[in-house]
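Here's a quick tour for anyone meeting this structure for the first time. Have a look at the sequence and the model, then read on for rings, helices and a few individual residues.

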Amino acid sequence: MITLGLNAAFHDSAAALVADGTVVAASEEERFTRIKHGKRPVPFSAWELPFHAIDDCLRQAGITLRDVDHVAYSFDPREFVGNRIEPGQSTLVLPLEPSKADRGDWENPWDPLFAAYVANAPAQLADGAPHHLRKRLSGVSPASAPYRWHFVNHHACHQASAFLAAPFARCAVMTLDGRGERATTTYGRYRNDRYEPLGQVDMPHSLGMLYEQVTSHLGFLHSSDEYKVMALAALGSPRFRDHLQSHIHLAPDGRYTIDPIDLTALTGPRRAVGESLGERHLDLAASLQDVLEHTVLRIAAWLRETSGERHLAMAGGVALNCVMNARLRDSGTFDAVWVQPAAGDAGTALGAALWVDGQQRRDPPEPGSFAPRAWRMEHAYLGPAFDDEEIERQLKWAKLPYERVDDVAGVAARLLADDQMIGWFQGRMEYGPRALGARSILASPIDPAMQARLNELKDREDFRPVAPAVPQEKLADWFKPAGANGGESPFMLFVYDVVPGRSDRIPSACHTDRTARVQTVDARTNPRFHAVLDAFGDLTGVPVLVNTSFNVRGQPVVCTPKDAIEAFYSTPLDALVIGSFVVRKRPGNAT
């Protein structure tokens with residue numbers, strides 16, 4: 001049985017393909033269109049399906065759309081519309097100029113158009129594919145599609161992306177994001193192949209939207225730049241904490257409400273884009289981060305007691321906040337915490353596919369029950385790959401000087417030990433927002449100036465930290481608490497303290513507070529990246545590398561060899577290690 005999962009309603013459009021309980025592929029639309037997040041989360045973009053990501057998933061599986069048994073879309077338009085139309089009715093009133101129309105029963109005058117676009121997704125998939133992608137996507141009629149279509153609740157998809165991917169046989173589940181159809185936060189319990197919802201928080205009360213509000217007030221792009229606010233928080237003092245916290249009211253059942261907050265009255269006018277950051281901006285970020293952590297810790301304590309589970313699986317955009325995740329991990333509320341690496345909306349494509357696959361394979365079918373799991377998410381390398389033949393063809397076409405090397409890891413390590421910044425392009429691409437050693441920029445953490453060099457290369461703000469990668473078996477030598485979550489952090493979703501006395505050895509991998517967002521690298525799941533870390537450690541005594549995404553500001557992470565070459569030659573990168581080939585800007589023998 002083959003199930004195709006789609007996310008397209010909001011942002012981070014994506015597709016995922018599951019065959020008999022095993023994930024075959026998962027890709028994000030932005031990687032192919034080169035439009036960050038795939039599209040902006042505005043109502044009139046809801047018609048866009050992730051056709052390039054769908055095509056890639058089908059290509060990886062060697063099938064066409066006609067071979068798919070189920071299509072799962074991670075949003076339910078009927079639930080979103082609710083009682084705003086009569087049962088059985090299929091007509092909505094769409095104002096000619098929604099921005100000038102009365103909202104009526106809707107939260108937003110654009111909502112009818114949004115709902116109509118989402119409801120039309122089955123027909124759009126059947127006959128709306130771009131001409132150049134029709135080889136795998138044509139031959140399907142809207143009236144007689146060979147697959148069964150499923151609209152799946154948005155938060156159910158987030159939840160499934162966690163509990164059906166986590167390494168736990170049973171666990172509590174918590175999802176926090178901006179919003180779904182109505183829910184903004186959901187809680188559940190997974191055990192004995194059955195999922196039981198334990199509660200939810202509905203619009204307009206949302207920790208994710210509160211974070212978005214502050215992100216916008218600080219002059220950043222909401223639904224995109226929240227991670228910048230998290231980084232900024234380490235530089236400020238939480239002097240607005242009590243005021244923000246007084247607007248959040250927690251109930252005994254895990255629910256909460258948030259009163260409207262006038263940030264202008266609290267901290268002054270909204271920061272203009274490009275305006276210098278002042279103390280009030282840093283302090284607002286610090287206050288928001290502190291309030292988020294405090295609130296989530298209290299909710300988690302309730303969930304631990306209510307669920308009776310010792311392990312927690314998380315998803316939703318808020319779960320990409322690695323500082324919050326680390327505080328929850330270290331609180332001892334749960335024995336272990338696992339976060340879906342594609343925790344944002346891209347991950348709902350995976351969750352939708354897993355939800356429908358698990359329910360359809362259940363025999364006999366039973367609401368809330370799933371077939372026994374056949375897969376767990378040990379890595380996020382689920383995107384496209386390019387072999388040496390394809391890479392060399394692109395290098396020759398571009399008329400570039402290059403050399404093929406036998407010891408790719410050894411050559412890369414020597415370049416890095418020479419303080420060169422390299423583009424690293426290997427294997428299948430990552431699914432989710434983090435570069436995890438497939439499409440990465442790598443550099444030595446030893447030179448204190450390296451962080452500034454990397455931020456300049458990527459045209460990023462000076463306060464932005466870069467993250468260290470370390471062999472999993474050497475985590476305890478450099479970071480603590482090394483035993484947390486089984487000594488694994490493969491998805492760069494938790495911060496760690498640097499072991500005392502070690503921060504001076506890796507100054508460019510540390511944040512100002514001597515913490516680091518660590519990625520542990522397993523030789524099983526990424527042997528070539530692991531080998532580079534080992535080789536660099538042999539040369540320098542430091543088996544740690546700075547790992548940041550292979551892209552430039554405003555661009556998605558590179559996907560194809562062509563993307564990598566363009567990024568390499570438009571930045572101050574010193575070398576490109578792509579497959580078995582090395583391309584350099586400086587003369588000399590890399591080997």
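Let's start with a charge and a ring: the charged end of Arg84 sits over the ring of Phe80, 5.3 Å from its centre. (A charge sits over a ring if NZ of Lys or CZ of Arg is within 6 Å of the ring centre and within 35 degrees of the ring normal.) This is a predicted model, so local features need pLDDT of at least 70 and side-chain atom pairs count only at pLDDT 80 or more, while totals for chains, interfaces and linings use all residues. Residues are numbered from 1 along each chain as its sequence is written, and side-chain values use heavy atoms, with hydrogens and water left out.

**Rings and charges**

- Another charge over a ring involves Arg502, whose charged end sits over the ring of Trp478, 4.0 Å from its centre.
- How many aromatic pairs does the structure hold? There are 21 aromatic pairs, where rings of Phe, Tyr and Trp (its six-membered ring) pair if their centres lie within 6.5 Å, and planes under 30 degrees apart count as stacked, over 60 as edge-to-face and the rest as tilted.
- One of them joins Phe80 and Trp106 in a tilted arrangement, 6.3 Å centre to centre with 40° between the planes.
- That pair links distant parts of the chain, 26 residues apart: Phe80 is in helix H3 (residues 77-81), and Trp106 is in the loop between H3 and helix H4 (111-119). (Helices, H or I with at least four residues, and strands, E with at least two, are DSSP runs numbered from the N terminus.)
- Phe80 and Trp106 are both buried, and buried means under 20% relative accessible area, exposed over 50%, partly exposed in between (1.4 Å probe, protein chains only).
- Phe163 and Phe370 have ring centres 5.6 Å apart and planes at 70°, so this pair is edge-to-face.
- Phe163 lies in helix H7 (residues 154-163) and Phe370 in the loop between helix H14 (346-360) and helix H15 (388-397), so the pair ties together parts 207 residues apart in sequence.
- Phe163 counts as buried at 0% relative accessibility, and Phe370 is buried with a relative accessible area of 0%.
- Phe80 and Trp106 also belong to one aromatic cluster with Phe10, Phe75 and Phe114.

**Helices that pack together**

- Two packed helices are described by the angle between their axes and the distance between the axes.
- H15 packs against helix H20 (residues 561-569) at an angle of about 45°, with the axes 9 Å apart. (Axes are lines fitted to C-alpha atoms, for helices over the stretch in contact, and angles run from 0 to 180 degrees between N-to-C directions.)
- That makes H15 oblique to H20, since angles under 35 degrees count as roughly parallel, over 145 as roughly antiparallel, 65 to 115 as roughly perpendicular and the rest as oblique.
- Where H15 and H20 meet, Ile391, Gln394 and Leu395 in H15 face Pro561, Lys562 and Ile565 in H20.
- Helix H9 (residues 226-233) and H12 have axes that come within 8 Å and cross at roughly 100°, and H9 and H12 are therefore roughly perpendicular to each other.
- From H9, Val229, Met230, Leu232 and Ala233 meet His281, Leu282, Ala285, Ala286, Leu288 and Gln289 in H12.

**What is tucked inside**

- Which residues of H4 are buried? They are Asp111, Pro112, Leu113, Phe114, Ala115 and Val118.
- The cover over the buried residues of H4 includes strand E4 (70-73), H3, helix H5 (121-127) and strand E5 (148-151).
- In H20, the buried residues are Pro561, Asp563, Ala564, Ile565, Ala567 and Phe568.

- Leu284 has its place in helix H12 (residues 279-307) and is buried, with a relative accessible area of 1%.
- Leaving aside neighbours within four places in sequence, Leu284 is in contact (heavy atoms within 4.5 Å) with Val214, His217, Leu218, Phe240, Leu244, Leu263 and Thr267.
- Asp522 is in the loop between strand E20 (519-521) and helix H19 (527-540), and is buried with a relative accessible area of 17%.
- Not counting residues up to four places away in sequence, Asp522 touches Gln472, Pro527 and His530.
- Tyr496 is in strand E18 (residues 495-498) and is buried, at a relative accessible area of 1%.
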